[in-house]
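I opened my notebook to look at one residue first and then step back to the whole protein. Here is what I looked up, entry by entry.

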Amino acid sequence: KLHRLRVHVDGANGTVAPRSIGVGDGDRECDRYAVSMKRFSLDGALWIAQCIVAFVFTWVGSLRAFVPIHALERQTAWIDSIAAQTPVRVVGAFELVFALLVLVPSMTRFWPRIAPFSSLVLGAFSVAGLVEHAVHGEWVRALFALILAALAVFVAWGRWFAVPIAYMPWDQEDPSDWPGVTHRPIAADPATGAFDPALKHP
């Protein structure tokens, strides 16, 4: 069995002692590190997607909720016909509310399951906008709506299935004791230097 040498420093007396570990132990350490990095990368991508979706719908919702209809007609000529059928102000207000719910619950960890639901609703809004832009031949805006819908669906999937954010237990002080925490700090074993998910972070 192949072995490799690792130097271990005793914190009590400062002595240096060689420590031999098997290749299998190193493979397990690499597997833990790879899983941790993969989870971190997906979580970071979800945060970026959430920020993009929240920012875009906050901007669009603000325009529809506060800008006069005749000013919106300068950018979208058919908005007047839509306003006769659908209250543009109400749609803008809904977009503002759901845009906040995509990001704020995840940041505060207070009812974080609202975030994927809100993102799915905004994705439905994007699909509706995609159809409307395609009907009027606005292909650039239709492509933008398609990308936005894909990001919203990605956030909904990621925050519900892949990397869900746990609820904030306000009555517990030690994060390592929180139930269902997916981003628990990982501490290193002082004897081997390996990262062990079972250990609590000091």
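This is a predicted model: local features need pLDDT of at least 70, side-chain atom pairs count only at pLDDT 80 or more; totals for chains, interfaces and linings use all residues.

**Entry 1: one residue.** I started with Val104 and found it in helix α4, which covers residues 88–108. Is Val104 buried or exposed, or in between? I read a relative accessible area of 40% for Val104. Buried would need under 20% and exposed over 50%, so Val104 counts as partly exposed.

**Entry 2: a partner along the chain.** Next I looked up Val104 together with Ala115. The two sit 11 residues apart along the chain, and I found 8.0 Å between their C-alpha atoms.

**Entry 3: the core.** Which residues make up the largest nonpolar core? I listed 10 of them: Val53, Val56, Phe57, Val60, Phe98, Ala99, Val102, Val121, Leu122 and Leu148. I then checked which elements give two or more residues to this core, and they are α1 (23–66), α4 and α5 (114–135). The most comes from α1, with 4 residues.

**Entry 4: the whole protein.** I counted up the secondary structure and got 6 helices and 4 strands. Reading from the N terminus, I wrote the order down as β-β-α-α-α-α-α-α-β-β. How much of the protein is buried? Of its 202 residues, 31% are buried.

**Entry 5: contacts and surface.** Among contacts with a separation of 6 or more, I found that 54% join residues 24 or more positions apart. Last, I looked up the surface: the protein exposes about 12,700 Å², and carbon and sulfur atoms supply 69% of that.

Terms used
Residues are numbered from 1 along each chain as its sequence is written. Side-chain values use heavy atoms; hydrogens and water are left out. Buried means under 20% relative accessible area, exposed over 50%, partly exposed in between (1.4 Å probe, protein chains only). A nonpolar core is a set of buried Ala, Val, Leu, Ile, Met, Phe, Trp, Tyr and Cys residues joined through side-chain atoms within 4.5 Å. Contact means heavy atoms within 4.5 Å. Accessible areas come from the Shrake-Rupley method with a 1.4 Å probe; for residues, only the protein chains shown count as cover.
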